[in-house]
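The sequence and structure are shown first.

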Amino acid sequence: MKTDQIYVNGDDDRIAAAMDKTSEFAGWAGVSAKEALRLRLISEELMGLLSGITENDYTALFWIEGNDRKCEFHLLGRTEMTRERRAELLETATNRKNAAATGIMGKIRDMIGVGVLGLRDVINADPGTSDESLLSFYDEGVDMSSPVEGMSMWSLTNYRASMLEIYGDMMKEKEEREPWDELERSIIANLADDVHVSIRMDRVEIVVYRTYQL
């Protein structure tokens with residue numbers, strides 16, 4: 001089963017439409033009220049990604065599909081990357097020295113925001129910015145075996161495995177394992193089986209996977 005694809009941006013009516021589609025899918029799947037709430041939380045987290053990256057120059061398609069107690073939330077967008085828009089985004093990205101993204105979804109949002117520029121190009125243009133930590137976030141979750149040339153794919157599973165390898169020793173001081181604690185607190189990390197973020201030129205796709213409970 002699959003919902004209709006709808007266009008979404010940061011507008012309240014578009015967000016409400018996405019929530020309606022989520023409720024529609026939950027009804028089809030016959031899940032409990034508690035599980036329906038979890039599905040809505042995932043959709044709300046995805047809609048939060050739109051803040052700041054879906055102005056007039058960016059819209060995205062949203063839909064949910066699934067069967068056999070597994071479902072996927074899709075957000076597929078394309079940005080009109082003009083020379084002027086690229087310069088504007090680059091200026092924004094390279095002047096946030098004191099504005100590091102917080103939270104898993106915040107970092108994913110920023111990764112998408114500068115991903116269309118080429119994250120390493122942003123770092124090289126202005127080393128020492130908060131985007132260096134974003135590059136680390138990206139590197140720790142990126143899948144280097146993407147079958148499509150020119151496409152990079154980040155996954156929550158890869159990122160979690162990297163964090164477990166780095167912070168698996170819980171004898172470390174608390175302040176040294178803040179990224180691990182951030183992962184444990186994340187709504188999306190606790191609800192999703194996995195999250196894939198694929199970036200290719202001006203095309204971005206986010207897929208959230210969940211095994212739902214009836």
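Lys-107 is found in helix 4, which covers residues 104-115. This is a predicted model, and in it Lys-107 has a relative accessibility of 15%, so the residue counts as buried. Its side chain makes a polar contact of 3.0 Å with the side chain of Glu-182.

The pair also qualifies as a salt bridge, with the closest N and O atoms of Glu-182 and Lys-107 3.0 Å apart. Glu-182 belongs to helix 8 (residues 178-185) and Lys-107 to helix 4, so the bridge ties together parts that are 75 residues apart in sequence. Glu-182 is buried because its relative accessible area, 11%, is under the 20% cut-off.

## Salt bridges around Lys-21

The whole structure contains 5 salt bridges. One of them joins the side chains of Lys-21 and Asp-4, at 3.5 Å from N to O. This pair links distant parts of the chain: Lys-21 sits in helix 1, while Asp-4 is in the segment before strand 1 (6-8), and the two are 17 residues apart.

Lys-21 forms a salt bridge with Glu-24 as well, where the closest N and O atoms are 3.7 Å apart. Both residues lie in helix 1, 3 residues apart, or about one turn of the helix. An α-helix has 3.6 residues a turn, so residues three or four places apart point the same way. Lys-21 is buried, with a relative accessible area of 15%, whereas Glu-24, at 28%, counts as partly exposed.

Helix 1 has 18 residues, and the distance from its first C-alpha to its last is 26 Å, close to the 26 Å expected at 1.5 Å a residue. Its buried residues are Ala-17, Ala-18, Met-19, Lys-21, Thr-22, Phe-25, Ala-26 and Ala-29. Gly-30 follows the helix and has a positive phi, near 70°.

Helix 2 runs over residues 33-49. Its 17 residues should span 24 Å at 1.5 Å a residue, and the end C-alpha atoms are 25 Å apart, which agrees.

## Aromatic pairs

There are 2 aromatic pairs in the structure. In one, the ring centres of Phe-25 and Tyr-212 are 6.2 Å apart and the planes meet at 85°, so the pair is edge-to-face. Phe-25 is in helix 1 (residues 12-29) and Tyr-212 is in the segment after strand 7 (203-211), so the pair ties together parts that are 187 residues apart in sequence. Phe-25 and Tyr-212 are both buried.

Trp-154 and Tyr-159 form a tilted pair, with 5.8 Å from centre to centre and 35° between the planes. Trp-154 counts as buried at 0% relative accessibility, and Tyr-159 is buried with a relative accessible area of 1%.

## Glu-205 in strand 7

Glu-205 lies in strand 7 and, at 17% relative accessibility, counts as buried. Its side chain and that of His-74 are joined by a polar contact of 3.3 Å.

Which residues does Glu-205 touch, not counting those up to four places away in sequence? They are Trp-63, His-74, Leu-75, Leu-76, His-196, Val-197 and Ser-198.

How values were computed
Residues numbered from 1 in each chain as written. Predicted model: local features only at pLDDT ≥ 70, side-chain atom pairs only at ≥ 80, totals over all residues. Heavy atoms only, no water. Helix = DSSP H or I, 4+ residues; strand = E, 2+ residues; numbered from the N terminus. Expected span 1.5 Å × (residues − 1). Phe/Tyr/Trp six-rings, centres within 6.5 Å; stacked < 30°, edge-to-face > 60°. Buried < 20%, exposed > 50% of the residue type's maximum accessible area, 1.4 Å probe, protein only. Polar contact = N/O pair within 3.5 Å; in protein donor to acceptor, adjacent residues only side chain to side chain. Contact = heavy atoms within 4.5 Å. Salt bridge = Lys/Arg side-chain N within 4 Å of Asp/Glu carboxyl O.
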